[in-house]
Amino acid sequence: QVQLVESGGGVVQPGGSLRLSCVASGRIFSINTMGWYRQAPGKERELVASITSTSETNYADSVKGRFTISRDNGKNTMALQMISLTPGDTAVYYCNARIKTRSYIAEMEYWGEGTRVTVSP
């Protein structure tokens with residue numbers, strides 16, 4: 001089995017910073033693209049940022065210049081550094097990864113349970 005576990009959420013004031021982390025564990029052969037998604041109350045889940053196995057990155061327009069995604073392939077971890085946070089960033093943030101558990105098995109998509117980020121005065 002594969003597990004994705006997020007950490008680092010919390011309450012922060014506008015203009016503040018947070019760093020989210022995601023650790024993938026279990027029977028992992030390889031990890032392809034990893035990403036952070038978020039879901040705000042009453043809204044659909046949206047992509048925040050993604051990073052390929054070769055560290056190519058992609059960001060939602062709303063977070064460009066403020067958020068930085070990174071990964072450590074040797075440790076199966078991913079991080080999201082967030083600065084200049086606004087109330088609009090308030091959401092549950094989910095770790096996502098496309099993982100192969102065997103060389104001969106097609107990759108599957110896995111999700112963490114989420115970590116809550118609240119930006120409030």
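Trainee: Is V48 buried or exposed?

Mentor: V48 is buried: in this predicted model its relative accessible area is 1%, and the cut-off for a buried residue is under 20%.

Trainee: Where does V48 sit in the chain?

Mentor: V48 belongs to strand 5, which covers residues 46–51.

Trainee: Which residues is V48 in contact with, neighbours within four places in sequence aside?

Mentor: With those neighbours left aside, V48 is in contact with W36, Y37 and R38, with N58, Y59 and A60, and with V63, F67, L80 and Y93.

Trainee: What separates the C-alpha atoms of V48 and L80?

Mentor: The distance between those C-alpha atoms is 9.5 Å, and V48 and L80 are 32 residues apart along the chain.

Trainee: What is the bridge partner of I69 in strand 8?

Mentor: The partner of I69 is L80. Strand 7 and strand 8 (residues 77–82) run antiparallel and are joined by six bridges.

Trainee: Which side chains of strand 7 point to which face?

Mentor: The side chains alternate along residues 67–72.

Trainee: What about the hairpin of strand 7 and strand 8; how many residues lie between the strands?

Mentor: Four residues lie between them, and N76 in this hairpin takes a positive phi near 55 degrees.

Trainee: Where is S55, and what is its phi?

Mentor: S55 lies in the loop between strand 5 and strand 6 (57–59). Its phi is near 70 degrees, again a positive value in a residue other than glycine. S55 counts as partly exposed, at 41% relative accessibility.

Trainee: Turning to strand 4 and strand 5, how many bridges do they share, and in what sense do they pair?

Mentor: They pair in the antiparallel sense over five bridges. W36 has A49 as its bridge partner in strand 5.

Trainee: How many bridges join strand 4 to strand 9?

Mentor: Eight bridges join strand 4 (residues 30–39) to strand 9 (residues 91–100), and the two run antiparallel. Q39 stands opposite V92 in strand 9.

Trainee: Stepping back, how many helices and strands does the chain have?

Mentor: The chain has zero helices and 11 strands. Among its contacts between residues at least 6 apart in sequence, 56% join residues at least 24 apart.

Trainee: What are the radius of gyration and the spans?

Mentor: The radius of gyration is 14 Å, which agrees with the value near 14 Å for a compact globule of 121 residues. The C-alpha trace spans about 50 × 25 × 25 Å along its principal axes.

Trainee: And the surface and charges; what are the values?

Mentor: The chain exposes about 6600 Å², of which carbon and sulfur atoms supply 47%. Its side chains include 13 positive and 10 negative ones, and the centres of the two sets lie 4 Å apart. Buried residues make up 38% of the 121 residues.

Conventions:
Residues are numbered from 1 along each chain as its sequence is written. This is a predicted model: local features need pLDDT of at least 70, side-chain atom pairs count only at pLDDT 80 or more; totals for chains, interfaces and linings use all residues. Side-chain values use heavy atoms; hydrogens and water are left out. The radius of gyration is taken over C-alpha atoms; the globule rule is 2.2 Å times the number of residues to the power 0.38. Buried means under 20% relative accessible area, exposed over 50%, partly exposed in between (1.4 Å probe, protein chains only). Contact means heavy atoms within 4.5 Å. Accessible areas come from the Shrake-Rupley method with a 1.4 Å probe; for residues, only the protein chains shown count as cover. Lys and Arg count as positive and Asp and Glu as negative; His and the chain ends are not counted. The place of a charge is taken as NZ of Lys, CZ of Arg, CG of Asp or CD of Glu. Two strands pair if DSSP finds at least two bridges between them.
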